[in-house]
Amino acid sequence: MLYVYAAVSLGAMPAPLRGVDGETIWLLDSGQVGLAVSAHDAEVAPTRERLLQHYRVNMALLGVPFRFGNAAADETELRRLMAARTEDLARQLDKLAGCVELTVTVRAPAACPSTPGPEPGPGRAYLLAKGALYRRGADVRAKSEGILRDYREELRDGSLRLACLMEADRVGAFRERLQGDGQLEVSRPWPPSSFV
Amino acid sequence: MIDPELEGLDLSLVELVDHVLNKGVVLVGEATIAIADIDLIYLGLNLVLASAESVRGKHPPRVLEWPDWSPR
């Protein structure tokens, strides 16, 4: 069985890598892109350690990350599955190669934004708070201008989560731009899986 | 055996599941994860997620529905 980690540029394989269960990774030429794969005797079921290994390989490769668990019986089947996907993956690789994503979580302020007139009811208060979150998200994007290549917004648990795509060597500059804002929480870098 | 390169790598299971198991390119069908009656996030167990094929003999596979996370 061939387990797939990511799509990368042909010839872009870094120093020898070991992946899930310590297996050696190599590049399979799939036409326009290379696929980083490793061989396994059995299905690769998810465990914490294997998820970490998959993550570590993707952070080393910085290509188009595959979700954990993609595998094919052999090279023939993998090429068959890839036949209709190669062009799309090549386009994604143009966009994502060398990039990571960081998640910026914007917490809701302790108090609702004040508005003139009587105190808003719960529905209006919710909309005001939501609007305030999105404005803070816009602030983050404005501060990150020139660094952000793309972003995704999501409201979750009363907070706004921004998935921010950037080149890996701009992470330090991105963190500096947002430093000192106590309502923001910036994650570690991750493979850019929100953008595939 | 723990991969020595992973020791000290401080990643929460929630983040790992969100970034590595829930997102990314999917080549084949949909991910179906069968879990036996465990609130996997809130219990925070260092748990083993069994693939649908490996548990099919014991439990019918079911997709875990979660307000913040759904397998695709």
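Which residues of helix H3 of chain A are buried? The model examined here is predicted. In it, H3(A) spans residues 86-96. Its buried residues are Thr86(A), Leu89(A), Ala90(A), Gln92(A), Leu93(A) and Leu96(A). These residues cover an arc of only 165° around the axis, so they lie on the same side of H3(A). A general rule of helix geometry applies here. An α-helix has 3.6 residues a turn, so residues three or four places apart point the same way.

The face turned away from the buried side of H3(A) carries exposed residues. These are Glu87(A), Arg91(A) and Asp94(A). The buried residues of H3(A) are covered by several elements of chain A. Among them are strands S1 (2-8), S4 (64-65), S6 (99-106) and S8 (159-167). Helix H2 (75-82) is also included in this cover. H3(A) is followed by Gly98(A). The phi of Gly98(A) is positive, near 80°.

Aromatic contacts were examined next. A pair of aromatic rings is described by the distance of the centres and the angle of the planes. The search of the whole structure finds 3 aromatic pairs over all chains. One of these joins Tyr3(A) and Tyr5(A), with ring centres 4.9 Å apart. Their planes stand at 75°, and an angle over 60 degrees counts as edge-to-face, so this pair is edge-to-face. Ring pairs also bring in Phe68(A), linking Tyr3(A), Tyr5(A) and Phe68(A) into a cluster. Tyr3(A) has a relative accessible area of 0% and is therefore buried. Tyr5(A) also counts as buried, at 0% relative accessibility.

Notes:
Residues numbered from 1 in each chain as written. Chains lettered and ligands numbered in written order. Predicted model: local features only at pLDDT ≥ 70, side-chain atom pairs only at ≥ 80, totals over all residues. Heavy atoms only, no water. Phe/Tyr/Trp six-rings, centres within 6.5 Å; stacked < 30°, edge-to-face > 60°. Buried < 20%, exposed > 50% of the residue type's maximum accessible area, 1.4 Å probe, protein only. Helix = DSSP H or I, 4+ residues; strand = E, 2+ residues; numbered from the N terminus. Arc of directions from axis to C-beta. Contact = heavy atoms within 4.5 Å.
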